[in-house]
Structures are given as C-alpha cells and as structure tokens.
Amino acid sequence: MTAIRIDSKGNTIEDISIEKCRFSKYGSFCICGGSSVSNGIIRRLNITKCEFVGKEGGEEESLDRMTIAVMLNASTSEDGGIATDTLLEDVLVKECHFHGGCRMSVNTMCACRLPLSQIDRKDDFSRSNIRNINIVDNELVGAWDAQINVISGLPPCAGSSIENINISNNRVEFGCWGIFAAAGEPVLDEINGVVFSNLSIKNNELWPNPLGAGEPAAAIGVNAARIDYFPCIIRNCIIENIEIHNNMIRGSERGITLDAAHSLLDGASGAMTNNIMRHVPVKDNQITSADEPFRFFGAYAEGRLNDWNIGVPRHDKRWAEAITDHTVVTTKITGNKIIDLCCEENIINGFRYRLIAAGAFARGHCVVKDNEFCDEIVIRNNIFNGGEDHVCVADTMSEDWIHDEGNRVDEDMKFKI
C-alpha cells in the first residue's frame, strides 16, 4: 500500500509540494515516485515538514515486503517492462521527522522494480538518471537497515547516472547503515558504466540504535560497485567527487567505510571489474567510541550465505548454498581501485584501530586480483585520543579459501596515520 504515488508516465510533471503531512503505521511506502513509461521526467519535488511514523518494533521484512517511508526513483514499475531515458531532478526532503520501525527512511534510486524477487532480465530501465537531490535538516530515527540510501537501482539500468547529491544537517539514528551510497548495485544480471558524481555528506550527526542491528553497524558507507542479494556482474562503474566533511559520529562500531567494490555474497558466480572510486576528501569529522573509525578497501568480499532479518540469519531464505569443494571459484573481483583520497584533520576519541585498509579484504571462495588502494592517498594531521593505536594495512587480507592473485595498498600509510 502506498499513500502517495507520483508517476509521470512518460510525460513531464513539475512543481510538486508535499508539506506538513503525517503518515502513520504505513505498510510499504508513504511516498513513491518514478516514471513507469520511457522518457518520463519528475522535476522540482519538495517534501517538507512531514512526519512519518512507522510500526513500533517493525515486522519481518523480505525482498517482496519492505517498509520505506520515502521511495524516489527516476524509473519504477510494479509489473516489469521498459522505462528508459527517465529523469528525477531537483528534489528537496527537508525538516521531516522519521521515527518508528521501517527498513529505510529515504531511499533514492535510478530505477526500482517491485516485487524484487520477480525482476526479469527482459526488464529495461537503461539511462534512468537522477540529479540535484537535497536531503537536509531532517531527523531520522528507527530504521533498521539504512536511514538514507542513494544507489543506481535494483533492476538492470545500464548507462544511468547520479549527480549532485547533498545529504547535510541531518540527525540520524540507524541500524545497519546511517548514510549509504553506491554507483553500481543491481540485484541481478549485469550493469555497466554507471557514473555517480558529486556526493556531499556534511554536518550530520549519526549514532546507532541502542537495540543494535545484530551485525556490525556503519555510520557512513560508500561503494562504487556492490553485489547484494543475487550473483551479478558489475563493470566500469565510477563514483567520484565525494565530500565527507564535519560529521559527528558516536558509538558506531564502524565510522566511515569506503570500498571501490563490495560483494556481500559467496557460493555463487559473479564479477566486479574495473570499478573506480576517486577524488574523496574526508575532513574535519569527529568520531567517538568506534572500534574502526576508518575502513578503506579497493575490494571487500563479505562471503555471506543467508538472508538476515534485523540481525537474525534466515536459514530458510538462503542466498547461496554452502560450498564443500573449496577449490572452486565464486565471484571474480578484479581491477577495482580507490584513487585520490585525502583523510585529514579528523578527531577520533576512543577507538580500537586507527585505520584498516587493504587492496582487498575477502572471505569465502572468490578471486581477488589487481585491486588497489594506493594511488594519491594522503592521510595526515588526524588527532587520535584514548584509543588502542592498532593499524591494520596489507595488500590482501583474506580468510577461508580466497584465491589471492595480487592486490596493492600503500604500505607507507601505516606510518602516516
């Protein structure tokens, strides 16, 4: 059930204002936007001073049932099909209050196909574009997954782009993620050449839900490429010009995590090739009581088998079967890089590791090759107080039966941090 649905249906609709509305105990979406027909444009959408009240305690979620307060896309469909060459631009979400149980509070994607379990390779959402999105001055409390999420989209959407995303001055209590962004993140099949330019994450206050998410929580996460639920292929995606500035993070196990390529899965074939994260200033942030304030990887493979629901493994909903022949190869993760990162003048109070960084970190049975975190990397003038002073830096960090074919990290950074 959706309270407000905005669908341009291949036309142009402009100047939409949703102000001072209250949405209570919603079942799926409060506000959902996106064109279901090719060449649709949604422009100048303002959502201001609204209240979103989710169900207390939340309910079991799945790929086919997600409670999301605000779901904004360039293309969207509930029965599949084709919606190409669409545009969502000039969106403002401001001074809203999100609280109560839900999966995500604000989710912005190039394209979305629902229900997710029925995504078909015949669906086509190519060239679905997003630009000029401002999420500012909001209070977001209670979502157990990601509070603010900006990604390319879940069905195939090759050639799509994301530009000029501003996430600033928000107060965020989060479950797994506070603020998350990724260029290429399909659910299945293949995506190639998505470009995400100009992401600003500034002046936000972030802290984890005291009940926890049942797994490690991260305040801010950014990926160039990401495999989530099903095996897929992600190539040549770029996320660039990422400013992470003057945020206040407290009590989160992980502070700021950056991966050029991130695979959640093991036990299934897939590939992430030549995805790039570049031009990343991380400056003037304050991080308090974090085990790992900074995690930077050219590639990261988590190696999961099961779906999770609020931290509980769903053994009846497995993403992949366990592998008994440990000589096999699953996902091939090659040539992914973080380039031109400057981490400086941050203040860290209470921590275990000053830095965890690698060309590749991997679990399971994947191949990691030529992934790098070493070009134009600057880490300087950070202040660390009251911590354990550990530094973990290596070309490759691996567990299980990883096929390590050579990755690179700037070894000197362990002395710079």
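**View 1. Strand β14 and its neighbour β11.** Asn-129 has Ser-161 as its bridge partner in β14, where strands are DSSP runs of E with at least two residues, numbered from the N terminus, as helices are for H or I runs of at least four residues. Seven bridges join β11 to β14 (residues 161-168), and the two strands run parallel; strands count as paired if DSSP finds at least two bridges between them. This is a predicted model, in which local features need pLDDT of at least 70 and side-chain atom pairs count only at pLDDT 80 or more, while totals for chains, interfaces and linings use all residues. Residues are numbered from 1 along each chain as its sequence is written, and side-chain values use heavy atoms, with hydrogens and water left out.

**View 2. Strand β11 and strand β8.** Strand β8 (residues 86-94) pairs with strand β11 (residues 128-136) in the parallel sense, over eight bridges. Within this pairing, Val-93 stands opposite Ile-135 in β11.

**View 3. The open sheet of 10 strands.** The strands of this open sheet follow the order β3-β6-β9-β12-β15-β19-β23-β27-β33-β37, with parallel pairing. At the edges stand β3 (22-24) and β37 (383-385), each with a single partner strand, so one side of each is left without a neighbour in the sheet. Neighbouring strands of the sheet are turned by 10 degrees against each other on average, direction ignored; the axes are lines fitted to C-alpha atoms, and angles run from 0 to 180 degrees between N-to-C directions. Within the sheet, two bridges join strand β9 (residues 97-99) to strand β12 (residues 139-141), which run parallel, and Glu-139 in β12 is the bridge partner of His-97.

**View 4. Cysteines.** The structure holds zero disulfides, a disulfide being a pair of cysteine sulfur atoms within 2.5 Å. The cysteine sulfur closest to that of Cys-112 belongs to Cys-32 and lies 6.9 Å away, too far for a bond. Cys-112 is buried, with a relative accessible area of 0%, and Cys-237 is likewise buried, with a relative accessible area of 0%; buried means under 20% relative accessible area, exposed over 50% and partly exposed in between, with a 1.4 Å probe and protein chains only.

**View 5. The chain as a whole.** The secondary structure comes to one helix and 40 strands, and 59% of the 417 residues count as buried. Among contacts with a separation of 6 or more, residues 24 or more positions apart account for 89%, a contact being heavy atoms within 4.5 Å.
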